[in-house]
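Below is a short briefing on one protein chain, written to be read with the structure open. Points are grouped by topic.

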Amino acid sequence: KLKECCDFINLFAVVLKSPTRIEDSLKDTLELFETMFGKGQFWENVVFIITNLEQSDKKIQGRKKKSIDDCSLISDLSKQLKKIFNLESTGNLPFLIIDAHCDMDYDDERTRFEDSAN
């Protein structure tokens, strides 16, 4: 019914809580969107937003000590999605990191939040 009421989608915003792998529930949801709106229409208009990946200097350094950095996390998630859904595009799928728990009193967190919003 939604497809009949909606001629065009400008953007699909898929919000994720700091994932490291693609869960079956997310895969099922993305498959549903592909079916409803068409593979091309969906993947050309999707952006993934990671919300629970804290962006303070301290948290970023802590992740780096564990050999995890934000760019490689995004790259890994993008590769997983492209493999699961047989996507041909080069480069990463569009991801944003928006720290949902950002403390605007700290310059490092505020700057990263504002940069991700622009």
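Setting aside neighbours within four places in sequence, Leu-11 is in contact with Asn-45 and Val-47. The model is predicted, and Leu-11 sits in the loop between helix H1 (2–5) and S1. With a relative accessible area of 52%, Leu-11 is exposed. Its C-alpha atom is separated by 9.7 Å from that of Trp-43, a residue 32 places away along the chain.

**Overall make-up**

- The protein chain has six helices and three strands.
- Read from the N terminus, the order of elements is α-β-α-α-β-α-α-β-α.
- Of the 118 residues in the protein chain, 35% are buried.
- Taking contacts between residues at least 6 apart in sequence, 67% join residues at least 24 apart.
- The protein chain exposes about 7,900 Å², and carbon and sulfur atoms supply 50% of that area.

**Strands**

- S1 and strand S2 (residues 46–50) run parallel and are joined by five bridges.
- Two of the facing positions are Ala-13 opposite Val-47 in S2 and Val-15 opposite Ile-49 in S2.
- In S2, five of the five residues are buried.
- Both faces of S2 are covered, with Val-46, Phe-48 and Ile-50 buried on one side and Val-47 and Ile-49 buried on the other.
- S2 also pairs with S3, in the parallel sense, over three bridges.
- Within that pairing, Phe-48 stands opposite Phe-95 in S3.

**Aromatic pairs**

- A search of the whole structure finds eight aromatic pairs.
- One of them joins Phe-12 and Phe-42, with 4.8 Å centre to centre and 65° between the planes, an edge-to-face arrangement.
- Phe-12 belongs to strand S1 (residues 12–16) and Phe-42 to helix H3 (residues 39–43), so this pair ties together parts that are 30 residues apart in sequence.
- Phe-12 counts as buried at 8% relative accessibility, and Phe-42 is buried with a relative accessible area of 0%.
- Trp-43 and Phe-85 form another pair, with ring centres 5.1 Å apart and planes at 50°, so the pair is tilted.
- Trp-43 lies in helix H3, while Phe-85 lies in the loop between helix H5 (70–84) and strand S3 (95–97), so the pair links parts that are 42 residues apart in sequence.
- Why do both rings count as buried? The cut-off is under 20% relative accessible area; Trp-43 has 10% relative accessibility and so falls in the buried class, and Phe-85, at 4%, does as well.
- Which residues do the ring pairs link into a cluster? They are Phe-12, Phe-33, Phe-37, Phe-42, Trp-43, Phe-48, Phe-85 and Phe-95.
- Phe-48, one member of this cluster, is also among the buried residues of S2.

**Largest pocket**

- The largest pocket holds about 180 Å³ of space.
- Its lining has 13 residues, and those nearest the centre are Leu-53, Lys-59, Arg-63, Lys-66 and Ile-68.
- Helix H4 (residues 57–65) gives the most to this lining, with four residues.

**Backbone angles in two loops**

- Ser-67 has a positive phi of about 60°, although it is not a glycine.
- Ser-67 is in the loop between H4 and H5 and is exposed, with a relative accessible area of 67%.
- Asn-86, also a residue other than glycine, has a positive phi near 50°.
- Asn-86 is in the loop between H5 and S3 and is exposed, with a relative accessible area of 55%.

Methods: Residues numbered from 1 in each chain as written. Predicted model: local features only at pLDDT ≥ 70, side-chain atom pairs only at ≥ 80, totals over all residues. Heavy atoms only, no water. Phe/Tyr/Trp six-rings, centres within 6.5 Å; stacked < 30°, edge-to-face > 60°. Buried < 20%, exposed > 50% of the residue type's maximum accessible area, 1.4 Å probe, protein only. Pairing = 2+ DSSP bridges. Contact = heavy atoms within 4.5 Å. Areas by Shrake-Rupley, 256 points an atom, 1.4 Å probe, with all protein chains shown as cover. 1 Å grid on protein atoms, 1.4 Å probe; cavity = no way out; pocket = protein on both sides within 12 Å on 5 of 7 lines; lining within 4 Å. Points joined across faces, edges and corners; volume = space filled by probe spheres on them.
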